[in-house]
Amino acid sequence: MSIIEIFESFAADFELAVQDDNWSRLGKYISHDATYLNVGGPDPAIKGRDAILEYFKRDVSENDRRFDSRTLESLTLPAVEGNHLSRRWRCTYTVHGARDLVLEGEARYLFEGDLIKAIEEEATTESVQSYEKWMRENESKLHT
């Protein structure tokens, strides 16, 4: 499989995990010693497949599931250079009684063979500011 095919399969399985909370299905895509970094985020780099899967589960539970809906879309096709893949994304969150929260950013993946060795997510500066403002104004409307 090509890097793009592996990534597309990973992305589809990620969306399934958002729905059914079965994060173990992603293990087959991630190397045991992989790293995950939310660039500019509050957490340090996460090391190891199991820790990354646990982070995904916790992050979706503490954030995405608190909204009524979440729609992720690609703003660009995945771009590949050697063993690196990147794509720009937009995620729109909705909750009753508040304007939509729209975040944009870039995801970067480093592959080692058929496995993801490193993931970096980076929201735009505007998205970080929008998120912080939205939370100050609307966090009480989110599901607990």
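Which residues touch the most other members of the largest nonpolar core? They are F10, F56 and Y109, in a core of 36 residues.

## Basis of the model

This is a predicted model: local features need pLDDT of at least 70, side-chain atom pairs count only at pLDDT 80 or more, and totals for chains, interfaces and linings use all residues. Residues are numbered from 1 along each chain as its sequence is written, and side-chain values use heavy atoms, with hydrogens and water left out.

## Overall fold

The protein has 3 helices and 7 strands. Helices (H or I, at least four residues) and strands (E, at least two) are DSSP runs, numbered from the N terminus. From that end, the elements run α-β-β-α-β-β-β-β-β-α. The radius of gyration is 15 Å, close to the 15 Å that the globule rule gives for 144 residues, so the protein is as compact as a globular protein of that length. That radius is taken over C-alpha atoms, and the rule is 2.2 Å times the number of residues to the power 0.38.

Along the principal axes, the C-alpha atoms fill a box of roughly 45 × 25 × 25 Å. Buried residues make up 38% of the 144 residues. Buried means under 20% relative accessible area, exposed over 50%, and partly exposed in between (1.4 Å probe, protein chains only). Among contacts (heavy atoms within 4.5 Å) between residues at least 6 apart in sequence, 49% join residues at least 24 apart.

## The nonpolar core

A nonpolar core is a set of buried Ala, Val, Leu, Ile, Met, Phe, Trp, Tyr and Cys residues joined through side-chain atoms within 4.5 Å. In the largest one, F10, F56 and Y109 touch the most other members. At least two residues each come from α1 (3–20), β1 (30–38), α2 (49–62), β5 (84–94), β6 (101–112), β7 (115–123) and α3 (125–138). The largest share, 7 residues, comes from α1.

Y109 is worth a look. Leaving out residues up to four places away in sequence, Y109 touches F7, F10, N83, H84, L85, I116, A118, I119 and E121.

## Aromatic pairs

Rings of Phe, Tyr and Trp (its six-membered ring) pair if their centres lie within 6.5 Å; planes under 30 degrees apart count as stacked, over 60 as edge-to-face and the rest as tilted. By this rule there are 12 aromatic pairs. The ring centres of F10 and Y109 are 6.0 Å apart and their planes stand at 75°, so this pair is edge-to-face. F10 lies in helix α1 and Y109 in strand β6, so the pair ties together parts that are 99 residues apart in sequence. Both F10 and Y109 are buried.

Y36 and Y55 form a tilted pair, 5.1 Å centre to centre with 35° between the planes. Y36 lies in strand β1 and Y55 in helix α2, so this pair ties together parts that are 19 residues apart in sequence. Y36 and Y55 are buried too. One aromatic cluster is formed by F7, F10, F14, W23, Y29, Y36, Y55, F56 and Y109.

## Helix α3

The buried residues of α3 are S127, W134, M135 and N138. Seen down the helix axis, they fall within an arc of 100°, so they line one face of the helix. The arc is that of the directions from the axis to the C-beta atoms. What covers these buried residues includes β6 and β7. On the other side of α3, T125, E126 and R136 are exposed.
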